[in-house]
Amino acid sequence: MGELSGIAIGVTAERRAEDLITALERYGAEVRHAPTITIVPLDADPELRSGTEAVLAEPVEFTVVTTGAGFRGWLDAAAGWGLREPLLDRLGESRIYARGPKAVGAVRGAGLREAFSAESESNAELFGAVAEAGVAGSRVAVQLHGTPLPEHTSTLTGASLVEVQPYRWYSPPDVRPVHELIDAVVAGEVGALAFTSAPAAANFLALAWSYGRYEEVVAALRGPVVVACVGPVTAAPLEEAGIRTAQPERQRLGALVKLLVSTLSVPD
């Protein structure tokens, strides 16, 4: 018997879902998997390729790396197009600003070196540092992850931005698993929901709205259901809806699993 035996946990992720599901099942949880977004394949994403070619077209003075996974995915896609080395050369000529240790790890793993790393791992600190560096008149490459960040990129006044967005997403072609998870949440059959990305959290609420059960779901998530998010960026759409979230101190899948175990553990 595991610490989570008899507890149902909803997992909304598509990327790395298997890792999270396996870890939760190891503790005895009953996992209900309902991906709320579908990721556009990187090497088949025309917008990612056109953005990459735009970066290569002219020198960039600054590069902003928001996520390690997104940066690595971008480089992998560029490799498939025969553009990895030219891209690394172009980015290596710029001042690289990274959001936290995972982004730094991806940058260094590619043989590059960052000029700045946001200790708080927040986009606010990251883009604030870029703005303070004085980017007016400069060309700035911004690697996004899954969704645009206009509230942050708009602070780079006077810069010419080239935004590259790995892991663009859309709603899943089959929303029935999400509807079934929504029904289970409302019926009190789920002890917790786990979210690992802001788009997945935001689209869960959007799909609940289109399904006609938004108010019921939000009421359940404000009450008995534990809502666990890997970090504050992921939690933002839920917090904006008045839903309190639990977050681990470290923004890692393993830490998220440990948080769920400590919060939901069934006493012997």
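Two strands count as paired if DSSP finds at least two bridges between them, and I keep that rule at hand for the entries below. I also note at the outset that I am reading a predicted model.

**Entry 1: strand S7 and its partners.** I looked up who stands across from whom, and I found that Val64 stands opposite Val142 in S7. The strand that runs parallel to S7 here is S4, residues 62-65, and four bridges join the two. I then turned to strand S8, residues 160-164, which also runs parallel to S7 and is joined to it by five bridges; in this pairing Arg139 stands opposite Ser160. As background, I wrote down that strands of a sheet pair through backbone hydrogen bonds, either parallel or antiparallel.

**Entry 2: how enclosed is S7?** Is strand S7 buried or exposed? Five of the five residues of S7, which spans 139-143, are buried, so the strand is largely enclosed by the rest of the structure. I reminded myself that in a regular strand the side chains alternate between the two faces of the sheet.

Entry 3: I followed the chain on from S8 and found Arg168 in the loop between S8 and strand S9, residues 169-170. Because buried means under 20% relative accessible area, Arg168 counts as buried at 18% relative accessibility. Which residues does Arg168 touch, leaving aside its neighbours within four places in sequence? I listed contacts with Thr38, Ile39, Val40, Asp45, Glu47 and Gly146.

**Entry 4: the sheet of four strands.** I next traced an open sheet whose four strands come in the order S2-S1-S10-S11, with parallel pairing. Its edge strands are S2 (30-33) and S11 (226-229), each of which pairs on one side only, and the twist averages 25° from one strand to the next. Inside this order I checked S1, residues 8-11, and S10, residues 192-195, which run parallel and are joined by three bridges; Ile9 has Ala192 in S10 as its bridge partner. Helix H8, residues 176-186, lies across S1, S2 and S10, and runs at about 135° to S2.

**Entry 5: the annotated stretch.** Finally I consulted the UniProt record, an unreviewed entry, which places the feature "domain: Tetrapyrrole biosynthesis uroporphyrinogen III synthase" at residues 19-257. Over residues 19-257 I noted 47% helix and 15% strand, with the end C-alpha atoms 10 Å apart.

Terms used:
Residues are numbered from 1 along each chain as its sequence is written. This is a predicted model: local features need pLDDT of at least 70, side-chain atom pairs count only at pLDDT 80 or more; totals for chains, interfaces and linings use all residues. Side-chain values use heavy atoms; hydrogens and water are left out. Axes are lines fitted to C-alpha atoms, for helices over the stretch in contact, and angles run from 0 to 180 degrees between N-to-C directions. Contact means heavy atoms within 4.5 Å. Buried means under 20% relative accessible area, exposed over 50%, partly exposed in between (1.4 Å probe, protein chains only). UniProt positions are given in the numbering used here, feature names are shortened, and annotations may be inferred rather than shown by experiment.
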